[in-house]
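Biologist: I am new to this structure. Could you take me through a few of its residues and helices?

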Amino acid sequence: MIVAPKVLRFSDRLLLESSRTLDGFQITYETYGTLNRAKDNTILICHGLTTDAHAAGRHSPADTRAGWWDTAIGPGKAFDTDRYFIVCSNVLGGCGGSTGPSSVDPSRGLPYGLRFPVVTIGDMVQAQAKLANHLGIERFHTIAGGCFGGFQVLEWMHAFPERVANAIVISATHRTSAHNLGLWEVLRQAIMRDPDFNGGDYYGKEQPRSGMGLAQMFGVMIWMTRDVMQSRFGLKFVDEKGPAYSLEPDFKFQAFLHEVGRRAAERFDPNSLLYLTKAMDYFDLSRGKDTLTSAFANARCHTLLIGYRSDWRYPPEEMDLIRVALRANGSHVEHHILESDFGHGAFIYDSDGALKLISEFMTSAGMKC
């Protein structure tokens, strides 16, 4: 499946939750499948923290990199492009083509850097809603996403309940935790304390590669479970002959971490990582509400929740609070807890269980809106 990114530019002002505004912005997105005449067969896929709108297919026949959820999207797959029109957009604040800190500030003619306003999950969903309006989609057949993408799905259910017929939320909770606040802050500080960070104004100069690399190395430690580290790498030495007794990476897992760090700045804008993790900090659907049930008071979609027993960052017992709240409002909701050594990253790296549930959900009574 060969796909091409599309860019949509908005000239109107977007009022953000912070009360700041963006005077014009753009959203980059990809589509798969065909929109039907009734425009009621659209699935919105919300991407994770460090991914982009390239969710499936390839950009050219020579492209060696398939989209990040290619196992789920395509003819005959869980999100069947023979039946559905699938949209994935890069979020506001991202670095995959949508307006973010690396974009040019029209008032200065230079990249925003840290002058870009802080954006929230709510702001990102407002921008997605404008994209949906442009495409003529009044109501999504399904909105799906995992982790950071799952937060977006929950925000859609809260902010635009009438526009969501079915929802799939994977490895996401209704708010961040104090534990995750701390993890994201350490990650951000690794970037911001790099001497080349330069207050976020590093575009056209030496990038903060060391800080970004350290942040991504830390990211591996919070994504990959202890069991996966042990089974994939164990205590194997880089040199099969044995230890070198040096301060260089001597074990294969250490060498893997260094390779992740080396590639980090090539794939993602450090400023964008700061902004997206900050958006996760602020996400809390219960803030200002008497109960979480009231946050979903108008949600009437069929909902599939998928969690993993080994996910210590977004544990299934916290996800289950969403099930309780939705059910209290009379909504149809099911919550499945899967086993996987991959923990939080299982829906990407150990996807068979989740894809089976999604396929069943997409063909079950849960789709009878």
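Modeller: What follows is a short exchange on a predicted model.

Biologist: Is tyrosine 275 buried or exposed?

Modeller: Its relative accessible area is 6%. Buried means under 20%. Tyrosine 275 is therefore buried.

Biologist: Which backbone oxygen lies 3.2 Å from a polar atom of the side chain of tyrosine 275?

Modeller: Start with what tyrosine 275 touches, leaving out residues up to four places away in sequence. Among them are Pro101, Gly113, Leu114, Arg115 and Phe116. One of these residues supplies the oxygen, 3.2 Å from the polar side-chain atom: leucine 114.

Biologist: How many Å apart in space are tyrosine 275 and asparagine 329?

Modeller: In sequence, 54 residues separate tyrosine 275 and asparagine 329. In space, the distance runs from C-alpha to C-alpha. That distance is 33 Å.

Biologist: Are H1 and H2 roughly parallel or roughly perpendicular to each other?

Modeller: H1 spans residues 121-135 and H2 spans residues 148-159. They pack with their axes 9 Å apart, at an angle of about 70 degrees. Angles of 65 to 115 degrees count as roughly perpendicular. So H1 and H2 are roughly perpendicular.

Biologist: How many nonpolar residues has the contact of H1 with H2?

Modeller: H1 brings Ile121, Gly122, Met124, Val125, Gln128 and Ala129. H2 brings Phe148, Phe151, Gln152, Glu155 and Trp156. By class, three residues are polar and one is charged. The nonpolar residues number seven.

Biologist: Which cysteine has the nearest sulfur to that of cysteine 88, and how far away is it?

Modeller: The structure holds zero disulfides. Cysteine 88 is thus in none. A disulfide needs sulfur atoms within 2.5 Å. The nearest cysteine sulfur belongs to cysteine 46, at 7.5 Å.

Biologist: Are cysteine 88 and cysteine 301 buried or exposed?

Modeller: Cysteine 88 has 0% relative accessibility. Cysteine 301 has 1%. Under 20% means buried. So cysteine 88 counts as buried, and cysteine 301 counts as buried.

Biologist: Where is threonine 303 found, and is it buried or exposed?

Modeller: Threonine 303 is in contact with Met157, Ala167, Leu326, His332, Val333, Glu334 and Phe361, leaving aside neighbours within four places in sequence. Its relative accessibility is 0%. Threonine 303 is found in strand E11, residues 302-308, and counts as buried.

How values were computed:
Residues are numbered from 1 along each chain as its sequence is written. This is a predicted model: local features need pLDDT of at least 70, side-chain atom pairs count only at pLDDT 80 or more; totals for chains, interfaces and linings use all residues. Side-chain values use heavy atoms; hydrogens and water are left out. Buried means under 20% relative accessible area, exposed over 50%, partly exposed in between (1.4 Å probe, protein chains only). Contact means heavy atoms within 4.5 Å. A polar contact is a pair of N or O atoms within 3.5 Å; within protein, one must be able to donate a hydrogen and the other to accept it, and residues adjacent in sequence count only if both atoms are side-chain atoms. Axes are lines fitted to C-alpha atoms, for helices over the stretch in contact, and angles run from 0 to 180 degrees between N-to-C directions. Helices (H or I, at least four residues) and strands (E, at least two) are DSSP runs, numbered from the N terminus. Angles under 35 degrees count as roughly parallel, over 145 as roughly antiparallel, 65 to 115 as roughly perpendicular and the rest as oblique. Ala, Val, Leu, Ile, Met, Phe, Trp, Tyr, Cys and Pro count as nonpolar, Asp, Glu, Lys and Arg as charged, and the others, Gly among them, as polar.
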